[in-house]
Amino acid sequence: MGWWQKLFNQPSPAPMADHRLTTLVTMVLHQHRFLGEVLLQLPRQLVTTQRAAIGLAWQEGMLTIQVNPVTLGQLRDDEACLLLAHQALHVVWAHPVRYANYPHPDLVKLATDAAVNQYLPATPPGTVDLGQLERLLRKKLPVKQDSQEYLTILENASPAERDRLRAAGFKLNGDRPGKQTAPGKVAPNEETHAGWASAQNTNLGQQVQLVKLRRLVQQAWQQTPQRDRGLLPGAVRQQLTGSTPPVATP
């Protein structure tokens, strides 16, 4: 127990965060049943070393939800629920496997976030949506497309477009230290994808990891009542019923 907790006789934040996380997952279950079921399939881990309030990371070949109890406490319930649903959508499309070894992780974050956030009622804190990218790039982008398509657009961005992204506070791959982000522009609870790269530290091949995630998602689908399946966006249902390739979009 830290001295400040002794001084004010407050309990450690970890048990409180664990209890709150359970409550938040229950809330997601009520709001988005299938995404809540996905979250229930994932082990949870409280960490204080990551900047993000909520993230995904590989631990011994298993994808886990990692939560910083301090930054989680800075979020309202609705913000935290959005972030949890956001992570579940990354899992549905196997983004933590598809992009684990990608050479441009900063651009991957922008592309995959813009893709999955189109299936949420609001943009989670610390993430980007399609509208933000359109305003910064100053051009219309295709809606509800494969994340790889958005990634290609970002990789081919002009110098002026990249400058506008940097000015808005987004780090871009290849930037020199101190060039990419104006101080204070990025929220302290920015959601990152740093844990995806830990897939490289396992002995599992990409195809094995894809199969494991696919089974996890299918288990969540089986646990979702039929009445709730009909409420899912068409692209999500196609992904789950196999009428599109298992990692095709977004």
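Q: At what relative accessibility does K139 sit, and is K139 buried, partly exposed or exposed?
A: This is a predicted model, so keep that in mind for everything below. Buried means under 20% relative accessible area and exposed means over 50%, with partly exposed in between. K139 comes out at 36%, so the label for K139 is partly exposed.

Q: Which residue forms a salt bridge with K139?
A: The closest N and O atoms of this pair are 3.4 Å apart, and the partner of K139 is E161. E161 lies in helix α10 and K139 in the loop between α8 (130-137) and α9 (147-155), so the bridge ties together parts 22 residues apart in sequence.

Q: Is R166 buried or exposed?
A: R166 forms a salt bridge with D163, with closest N and O atoms 2.6 Å apart. The two are three residues apart in helix α10, so about one helical turn separates them. D163 is partly exposed at 44%. R166 has a relative accessible area of 10%, which makes it buried.

Q: How many salt bridges does the count come to?
A: The rule takes a side-chain nitrogen of Lys or Arg within 4 Å of a carboxyl oxygen of Asp or Glu. Among the residues involved are R76, D78 and E79, which are linked in a network. The count comes to ten.

Q: Which strands are the edge strands of the open sheet?
A: Three strands form this sheet in the order β1-β3-β2, with mixed pairing. An edge strand pairs on one side only, and that goes for β1 (44-46) and β2 (54-59).

Q: Which residue in β3 does Q45 stand opposite?
A: Strand β1 is joined to β3 (residues 62-67) by three bridges, and the two run parallel. Neighbouring strands of the sheet are turned by 40° against each other on average, direction ignored. Opposite Q45 you'll find Q66.

Key. Residues numbered from 1 in each chain as written. Predicted model: local features only at pLDDT ≥ 70, side-chain atom pairs only at ≥ 80, totals over all residues. Heavy atoms only, no water. Helix = DSSP H or I, 4+ residues; strand = E, 2+ residues; numbered from the N terminus. Buried < 20%, exposed > 50% of the residue type's maximum accessible area, 1.4 Å probe, protein only. Pairing = 2+ DSSP bridges. Axes fitted to C-alpha atoms, helices over the stretch in contact; angles between N-to-C directions.
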